[in-house]
Structures are given as structure tokens and as C-alpha cells.
Amino acid sequence: MHALVGGTLPPAWQARWGKFRNALLDAVFPPRCGGCGQRGSLWCAACQAQVQPVRDPVCSHCGRPQRDPALCPQCRHSPLEIDGIRSAVLFEGPLREAIHHLKYSGRTSLAEPLGTYLEACWRIASLPADLIVPVPLHAARQRERGYNQSALLAIPLSRASKLPVVEPALTRVKATTPQVALNAAERKANVCAAFEARCDLVRGRRVLLVDDVCTTGATLESSSVALRQAGAASVWALTLARAP
């Protein structure tokens, strides 16, 4: 039933179902921290204290941490086709474990505490946006997983920013292989032409893409290209984590 609900209902209802389901589970099994596994909370204070924010300076275009705020060498020579990328925290330590549990272990309740990092980063970065578009999974993968973790992470951000989450604006039309084992060039080729966007939902509007992790930016770039082709006025991306 969870897979059916996660695959058909909008993000807000997915979150409500997740809260109801997790409340039932918590009544029988005390929650475990997504980072260290300690019983008693979803995201314990000790793991929170180990989270490292992505601090300035970063590349002014791709958001890669570096020693100065100028363009990084990659963006000087071959910039990504996107207005910019910013990330909240580094993809390491307990935060890395929590994201893995969110994505692969069905721990959807972790989206709420982890999503607050997106909110904090968005307030600091002041990214231009009229709507939030989560990076989508291919339909087959979403049916298998039962939910899109990026859409769930977008809910706390939407609530704080008052920006609507518009999932139908972007569709993954190509069933790509997992990016994790690929190098930068392979990642770019893997997601080339993987997305399509709806003109009626994005034309003339400023889109804020939301995803869980940015490594090379290839998925965000491919998403941005599709959104721009559909007439989006601008496309910025905000991710929970950045690979260090």
C-alpha cells in the first residue's frame, strides 16, 4: 500500500501518510536515529552536531566549495547549463548515512528533519523562485521505491518559503543507470535528454530545482536544459548535500 500511495499522491499527502505510518511504527518500535542508529529520535543531537554546512566561499556558479568566490576551473572552461547550484551541507558522516536510509531503506520520516537544512540554505542564499520542482525519478524506479525522496525533502522548504511544489512540471523519460559508480563524463552522458518539462507549468517562471545530493551536477544540468527548453525564465538548483 505504501508503494501505491507514494507513487500516486502529491507530496503533501505522501508526507501525511508517512507521518501516520511512522506514528504506528513508533508505537511499537521506538525510532532510531538515521545517522547512528541510536534509539529515541529520528535525528539525534549528536549526529546533528556533526553536520558540516557548505560555507562560503563557493564557486559563484556551481556552488563547489573552494578558496575564493570566483568561478571554479571547471565553470571557467565548461560551465553547467544552469543558472546556479547551491547546497546546504556536506555529504559526509552521519548525514550521509541518513540520506542513504531516506533513499534506500524507506525511512521517509527523515525527510522532515533533513529538509530543514534546505530551508536554512534557501533563506541565506535568497535564490530566485516562483515554484519548486523536485528532480523526478523514472516511473519504474518510483514504483519500486514507493516515493521520490527529493519531493519529500521539498515539503519543509515549500512550507517555509510559501512556494508551491509542482511535481508534474518535470518528468524523467529515460530510465538511467544509477549515477553512483560513474565518473563525471559517464554521468553527463547517462542523463543526457533524460528529462522533459511541461511548457504550461514553467513558461516564464523561475524554477527552483530540489534534489538530495549534488556530485558533478550532471542530473541538475540535464533537468535545467529541459526546463529551459520548456520556457522557464531561470533555473536554480538547491540540494540537501554536496559531495566534498
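This is a predicted model: local features need pLDDT of at least 70, side-chain atom pairs count only at pLDDT 80 or more; totals for chains, interfaces and linings use all residues.
Is lysine 162 buried or exposed? Its relative accessibility is 70%, so lysine 162 counts as exposed, the cut-off being over 50%.

You'll find serine 126 in the loop between helix 6 and strand 2. With a relative accessible area of 57%, serine 126 is exposed.

One more backbone feature before we move on. Aspartate 56 and proline 57 are joined by a cis peptide bond, with omega at about 5°. Proline 57 belongs to the loop that runs between helix 3 (45-49) and helix 4 (73-77).

In what order do the four strands of the open sheet come? The order is 1-6-5-2, and the pairing is parallel. Strand 1 (84-90) and strand 2 (131-134) are at the edges; each has a single partner strand, so one side of each has no neighbour in the sheet. On average, neighbouring strands in this sheet are turned by 25° against each other, ignoring direction.

Let me zoom in on strand 1. Strand 1 and strand 6 (residues 234-242) run parallel and are joined by six bridges. Along that pairing, glycine 84 is opposite tryptophan 236 of strand 6, and isoleucine 85 is opposite alanine 237 of strand 6. Helix 11 (residues 218-229) lies across strand 1, strand 5 (206-214) and strand 6, and helix 11 runs at about 160° to strand 5.

My last stop is a pair of helices. Two packed helices are described by the angle between their axes and by the distance between those axes. For helix 6 and helix 8 (residues 149-161), the angle is about 50° and the axes are 7 Å apart. That makes helix 6 oblique to helix 8. Their crossing is right-handed.

Who meets whom there? From helix 6 we have, among them, Leu114, Leu118 and Trp122, and from helix 8, residues including Leu157 and Ala160. The residues of this contact divide into nine nonpolar, three polar and four charged.

Alanine 111 lies in helix 6, residues 111-125. Its relative accessibility is 5%, so alanine 111 counts as buried, which here means under 20%. Which residues is alanine 111 in contact with, leaving aside its neighbours within four places in sequence? They are Leu102, Leu152, Leu153 and Pro156. There is also alanine 154: alanine 111 and alanine 154 are 43 residues apart in sequence, and 8.5 Å apart in space from C-alpha to C-alpha.

Key
Residues are numbered from 1 along each chain as its sequence is written. Side-chain values use heavy atoms; hydrogens and water are left out. Helices (H or I, at least four residues) and strands (E, at least two) are DSSP runs, numbered from the N terminus. Buried means under 20% relative accessible area, exposed over 50%, partly exposed in between (1.4 Å probe, protein chains only). Contact means heavy atoms within 4.5 Å. Two strands pair if DSSP finds at least two bridges between them. Axes are lines fitted to C-alpha atoms, for helices over the stretch in contact, and angles run from 0 to 180 degrees between N-to-C directions. Angles under 35 degrees count as roughly parallel, over 145 as roughly antiparallel, 65 to 115 as roughly perpendicular and the rest as oblique. A crossing is left-handed if the near helix is turned anticlockwise from the far one by less than a right angle, and right-handed if clockwise. Ala, Val, Leu, Ile, Met, Phe, Trp, Tyr, Cys and Pro count as nonpolar, Asp, Glu, Lys and Arg as charged, and the others, Gly among them, as polar.
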